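Me: I would like to learn how to read the features of a protein model, one at a time. Please give me the general idea and then the case at hand.

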Amino acid sequence: MFDVVSRFAVGLALGHLLPRLPMMLVTRGKTANARFAPHPAPVRLEPHLTARVLLMRRLWWLVLPASLIPMSFGAASLVSGNAAFGFGLWIASGWTALQRLLTLLNLDVAPIRLETAHRLQTVMDRSAGDEGCCALPEPVWESEAVRCAACRTLLDPMPRPDLGRPRSDRWPARFLRLWVADGHAMLLAEPMSGVVPVPAGNLLGGRP
Ligand SMILES: [Zn+2]
């Protein structure tokens, strides 16, 4: 009985993890992140960040087709004998695929959307133009929001999702957090990145 339960549990874990592996691994190399400040430091807004945001969005959606592979292995194991393992694999990867499909009905729950890139671009355009928050605007993406590093003005109250940088915490916490977060912002788990509270009225254009 214990054997059956443990095989089912291993199937469940693998079915949940395998489709997410590309998202958790592809961008974590040092060279791929040379242009970005190391995690958890704020990231400067620039075209490379926008490109990374769009890549992370593609990797997040790649989980949907990737879940079909463990699903078919699970179905094959179910038929060919290792039923407990196959059932676990099939259920977890099927659930993963279903989660992504349900997101199609409400795109607002996806951690990164096209709108995310548009909002970053808007902040960059404002900072480069006459509407800048201060004399030398320096928009950065902190874990809680986009702020100006020079004058601390809140430029966009958008929490920072997983940007594909290698996390600064240790193994296995690093791995587990990436797995559990599934690309979403992890405000509670992020170390503070030097944020100074800014009054609500200071949103866009305020000069503290
Ligand atoms: Zn500023």
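Me: Where is the place of D182?

Reply: D182 lies in the segment after α7. Helices (H or I, at least four residues) and strands (E, at least two) are DSSP runs, numbered from the N terminus. The model is predicted, so local features need pLDDT of at least 70 and side-chain atom pairs count only at pLDDT 80 or more, while totals for chains, interfaces and linings use all residues. Residues are numbered from 1 along each chain as its sequence is written.

Me: What is the phi of D182, and how should I read it?

Reply: Most residues other than glycine have a negative phi, and most peptide bonds are trans. D182 is not a glycine, yet its phi is positive, near 55°. R152 is also not a glycine and has a positive phi, of about 70°. R152 sits in the loop between β3 and β4.

Me: Which peptide bonds are cis?

Reply: One joins H39 to P40, with omega near 5°. P40 is in the loop between α2 (21–25) and β1. Another cis bond joins W171 and P172, where omega is about 5°. P172 belongs to the loop between β4 and α7 (173–181).

Me: What is the order of the strands in the sheet?

Reply: Strands of a sheet pair through backbone hydrogen bonds, either parallel or antiparallel. Two strands pair if DSSP finds at least two bridges between them. Here four strands form an open sheet in the order β1-β2-β3-β4, with antiparallel pairing. The edges are β1 (43–44) and β4 (154–156); each has a single partner strand, so one side of each is left without a neighbour in the sheet. Strand β3 (residues 146–148) pairs with β4 over two bridges, in the antiparallel sense. V146 has D156 of β4 as its bridge partner.

Me: At what angle do α3 and α6 pack?

Reply: Two packed helices are described by the angle between their axes and the distance between the axes. Axes are lines fitted to C-alpha atoms, for helices over the stretch in contact, and angles run from 0 to 180 degrees between N-to-C directions. Helix α3 (residues 47–66) packs with helix α6 (residues 114–128) at about 170°, and the axes are 9 Å apart. α3 and α6 are therefore roughly antiparallel to each other (angles under 35 degrees count as roughly parallel, over 145 as roughly antiparallel, 65 to 115 as roughly perpendicular and the rest as oblique).

Me: Which residues make the contact?

Reply: On α3 they are L49, T50, V53 and L54, and on α6 they are T116, A117, L120 and Q121. Two residues are in contact if their C-beta atoms, placed from the backbone, lie within 7 Å.

Me: What is the average pLDDT of the chain?

Reply: pLDDT is the predictor's confidence in each residue, from 0 to 100. The chain averages 89, and 90% of the residues score at least 70. Over residues 189–208, pLDDT stays under 50.
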